[in-house]
Amino acid sequence: MNLLLTPPFLYLVAAAVCAFLPARGRAILLLGTPLLGLLSLYLLGTGLHASVAVIGFELEFARVDRLSTIFAIIFSIAAFLSGIYAWHVRDTIQQVATLAYAGSAIGGVLAGDLISLFLWWEGTAVASVFLIWARRTPAAYATGFRYLIVQVLSGMLLLVGLLMHYEDTGSIAFEHLGLVSPGTFLIFLAFGIKCAFPLMHNWLQDSYPAATVTGTVVLSAFTTKMAVYTLARGYAGTEVLVYIGAVMTLFPIFFAEIENDLRRVLAYSLNNQLGFMVVGVGIGTPLALNGTAAHAFCHILYKALLFMSVGAVLYRTGTSKASELGGLYKTMPVTMVCCLVGAASISAFPLFSGFVSKSLILSASAGNGYYLVWGALLVASAGVLSHSGIKIPYFTFFAHDSGKRPAEAPAHMQIAMIVTAVACVAIGVFPGLLYALLPYDVEYHPYTVDHVLVQMQLLCFALLAFVFLMKTGRHPPEVRAVNIDSDWTYRKFVPSILPGVVTSVVGVDRALRHGALGAVGQVRSGIARISRPGAALARGWSVNSMMLVVMALMVLVLVLNLVID
Amino acid sequence: MAGRIVTRAEKGKRKAKGKGDGKSRKKATSGASPRQDAPAAKVSVGPEPTVPAPRTATPADDIAAPLARAFLWVDSPLAVQRLILGLGALCAFLFLFDLFWHRHAYVPGEGLWGYYAIAGFVSFTVIVLGAKALRTVIRRDEDYYGSTAIDAESYPESGLAQVAAGDGEEAAGLLQVRDARVVGLVDGVSRADGGSRGVEVASGRGGATS
């Protein structure tokens, strides 16, 4: 098939065309391209398409199999939904960036070799940063640069890793890699950065709240889930991922709980949800990988829905800070109901999408003997309810009345949210729709009495705990503040000690040079002293003593020859 | 447009309300005042106009969209009390259900009576209290990162459409809560002032839109 007709290139062509269209045409293109991409994906069918030979390498731009297909489909759906949500946007830069970004992400999941993966990998980084810069404030520029540096660093690690891997194996195929060599370790790190592994996660919480109202919805869908896909492709069954994932599910919930900016709460929550997927990849069984793919699918939808609803609130009130919001349900009820559907979905209430996907991963972890990890996921499930299930809708739309009475979200935003909400419920009610797309054939029934019962027990008692904490005044209030995270090290700590470090390094350097110069001076004056008229070197020497010296030198050379050999 | 004018005209009757963040309320009110002076001149055509801040609400002319009518009870302490009691009853039911239903356990201890209930309650409590403790260590002022972070800056207005309810096209069919004591929904504890019961459509709003 023609290279340009494969989904990723369709998006790139659309992005190029988009720049020259009038506003309405651009908005239509944003909706049409994902549909064309899906059609192209359908027509391609399973197999390797669009192979291109470049300087002796065979690049595979369209590897369509069941694992890549489900990601390509959900990416297309996310692009389409964000297109509806961003119908009002007239900013060409954002629209072009969205198309290029979505295309790169789809290219990433369809890449059959590491070199084309690298190209798309960098494509997502470069295209997506414009969604942050499009906010057009000094802070957004600074944040965008921080984001770009981390993303490009990930790309560099991937490049070096793939070169080392090629040296080792002579292959650039992107198949199962495993942690077997320095090269694959670097590739793993590159994937880990984009997947927001613990301590590599800060770019996510830093940048997503800084993007535009619509940009954050777009950002939330692609980069991290592309990384989840690459981990599933290259590192399925790598046990360390189980523990990395477990930590990822746990630590962000504490930060999310006390974060004031609701879009950052959602970014932490996104990080926590990625943890579930990474655990699934780490377990690596068909059930677990199905869980990862299913959870990525559901997650993209409900996370987009939550970002859309908070975005709509931001669009109407000018703030997404919990401390400034409250009581909005009166005039934004559609947004509120959609937000509640998103909250119920991410909290995995029965009949909502999170329930039918998260349970695959929990079942896999229990079934494979990862009991501690299973416990961590259980705690994290309660944590999800606390920050995404309760905090987001409660402090935005209910809680104390902020007095704000914004108008309901514009019609196109409402449509985008309602469609997404319906999708969340449809998947929850008819899980077979989703399960049919999963990479492996696994028989799984989420709606057993056992399962519904334990999930309801967990969630209802967690809700009860929320009531208890609110009633007793123990729930932390929403306050205007920021919370430092590990990015404090490179945003504050290192810059703060840098002048001191530079001064001391300069001082040590100066002292060392001074000492060295002094020593050279001493040697010079010493030589001058012994070569003065009448001194040792300037005296006339007898032939005998000359011969003695020559002999000694020759013996030394002989000995050295023996020793060094 | 008539309905909206009526809505705005009634703003004059607003009484100051002691609730909420005084600072932001004040700002919002002052932003809305020029529009009160010349309501008839306001014609919203095409893209939504940007206004400094949404208008604030007072009990006298509080508004609610049609769909929100089904949720007005959340402002009533008694209704919330009932909701909590309902949640308690559901929890009790789920807890007792464990007695009669034998769950198949995959993880050691999972089969114990009330395992998930306790796990849910304890996890949630530990997370919230843990986060609260964490806040004492990691909390900083909003402008801690200065101009390199978005925390202290406001979202640029050009990217927003801050329309107050009742001011844009979206206001079609907006309801006016003359008295939040909605029949059969709210017991009337939260907003005691006002006489008539029920929710009324802002006069003429629906028909005059076209």
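This is a predicted model: local features need pLDDT of at least 70, side-chain atom pairs count only at pLDDT 80 or more; totals for chains, interfaces and linings use all residues.
Local features here need pLDDT of at least 70 and side-chain atom pairs count only at pLDDT 80 or more, while totals for chains, interfaces and linings use all residues. Residues are numbered from 1 along each chain as its sequence is written, and chains are lettered from A and ligands numbered from 1 in the order in which they are written.

Me: How many residues does the contact take from chain A and from chain B?
Reply: Two residues are in contact if their C-beta atoms, placed from the backbone, lie within 7 Å. On that basis, the contact takes 74 residues from chain B and, from chain A, 75 residues.

Me: Which element gives the most to the side of chain A that touches chain B?
Reply: Helices (H or I, at least four residues) and strands (E, at least two) are DSSP runs, numbered from the N terminus. Among the elements of chain A that each supply at least two residues to this side are helix H6 (138-169) and helix H19 (449-471). The most, 17 residues, comes from H19(A).

Me: Which residue is the bridge partner of Val482(A) in E2(B)?
Reply: Two strands pair if DSSP finds at least two bridges between them. E3(A) pairs with strand E2 (residues 139-140) of chain B in the antiparallel sense, over two bridges. In E2(B), the partner of Val482(A) is Arg140(B).

Me: How far apart do the C-alpha centres of domain 1 and domain 2 of chain A lie?
Reply: Domain bounds come from an automatic or database domain assignment, which for chain A gives domain 1 (1-234) and domain 2 (236-477). The C-alpha centres of these two domains of chain A are separated by 24 Å.
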